[in-house]
Amino acid sequence: MNGNSSTAGKPIRCKAAICRKAGDRLVIEEVIVAPPSRHELRIKIICTALCQSDVIFSKLVDPPAIYPRILGHEAIGVVESIGEDVTGVKPGDTVIPTFMSDCGDCADCHSEKSNLCSTLPFNITPYMPREDKTRFTDLNGNPLYHLFYISSFSEYTVVDKNYFVKIDPSFPPDRACLLSCGVATGVGAAWRTAEVEPGTTVAVFGLGTIGLAAAEGARLCGAKRIIGVDVNPDKFEMGKKFGLTDFVNPKTCGDKSVSEVILEMTNGGADYCFECVGMASLVEEAFACCRHGWGKTVVLGVDKPGTPLKFSSTDVLRGHKILTGALYGGLKAKRDVPILCKRYLDKELQLDEFVTHSVKFEEINKAFDLLEEGKSLRCVIWMDK
């Protein structure tokens, strides 16, 4: 075990924000964080951002709901200690934890066609990825469950060696944490999954952080026209920062569907469509207004498990269109996050515009309020500032 001599190999007592019951406010309590086991590292969190997925999991009643749970998965931190068989990182290094495994050894990780690691496939589990155990307990010894293998709403957390990216410690932490999930997912979906081409037309359904990031990715790829779809008219002005050229409000389409409006606007459909809300009906609308012959629709939104999609088999056969999902935007974390960091430093990729609020750890519930009230894109939560 390598790390700070005073804490390495020992449990750490620290503060964490715990979701003890569906829909309840988070409660900050002292918890015990176990030392890292083999293949693991323990991280001291610098700051973390609130994602819509955290809000969703704080309210879930049916499986995969489980309580009490430590939420949070967009973060940056410093390695406190490492377990056996952990290479390429040492205590004191700055890292971004990620919810997608990147082992670098399996067929998927070696392929340019996938970011789905087959060694440790993505799964919504309340435990560590290699064993059904948690590294958190409360002061009474009761287990506290994980979220997405990260649980960054804790001063310290434990992650697997396949779930982090080492970055330059000088990189602004309140920007770096955005690359753990939301912004990276949207940008990656346009860049890696869709491979948006210069001069093309893009439609983005849902202008939250992921949707605006998809627009940003399309802008970086050189899209000529980027159409935003949202029920909030204020999102158009906000979206212009990220390349939006047109806006469609479903509430003002009259007797036409959104897909019909976009088909008319584009004279045949958008080359690329992104569904960023998590609604089956919007996936169907996005696919409907995706151009026949070569159009590609990318699903990024998270719907309820098991929700069916309805398509005409004839339309699918004749349309020659592609429908695909994109966990983490199709990014391979260890390869692509450093590229995104460089593009930000080179003033190409916009990250600053996504951070609309900042709060102290003790004010974490305020971050939830701001997001649910539609007042923030990303609220950064500082552990110690």
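The lining of the second largest cavity is made of five nonpolar residues, one polar and one charged (Ala, Val, Leu, Ile, Met, Phe, Trp, Tyr, Cys and Pro count as nonpolar, Asp, Glu, Lys and Arg as charged, and the others, Gly among them, as polar). This is a predicted model, where local features need pLDDT of at least 70, side-chain atom pairs count only at pLDDT 80 or more, and totals for chains, interfaces and linings use all residues. Residues are numbered from 1 along each chain as its sequence is written, and side-chain values use heavy atoms, with hydrogens and water left out.

A cavity here is a set of points on a 1 Å grid over the protein atoms alone where a 1.4 Å probe fits but cannot get out; lining residues have an atom within 4 Å of a point. Points are joined across faces, edges and corners, and the volume is the space filled by probe spheres set on them. Two cavities of 30 Å³ or more turn up by this rule.

| Cavity | Volume | Lining residues |
|---|---|---|
| Largest | about 50 Å³ | M100, S101, D102, C109, N115, L331, K332, A333 |

For the second largest cavity, α4 (182–193), α5 and α10 (333–345) each give two or more lining residues. Helix α5 supplies the largest share, three residues. Helices are DSSP runs (H or I, at least four residues), numbered from the N terminus.

T209 also sits in α5, which covers residues 209–221. T209 counts as buried because its relative accessibility is 7%, with buried meaning under 20% relative accessible area (1.4 Å probe, protein chains only). Leaving out residues up to four places away in sequence, T209 touches G182, V183, F354, L377 and R378 (contact means heavy atoms within 4.5 Å).

Technical notes:
Buried < 20%, exposed > 50% of the residue type's maximum accessible area, 1.4 Å probe, protein only. 1 Å grid on protein atoms, 1.4 Å probe; cavity = no way out; pocket = protein on both sides within 12 Å on 5 of 7 lines; lining within 4 Å.
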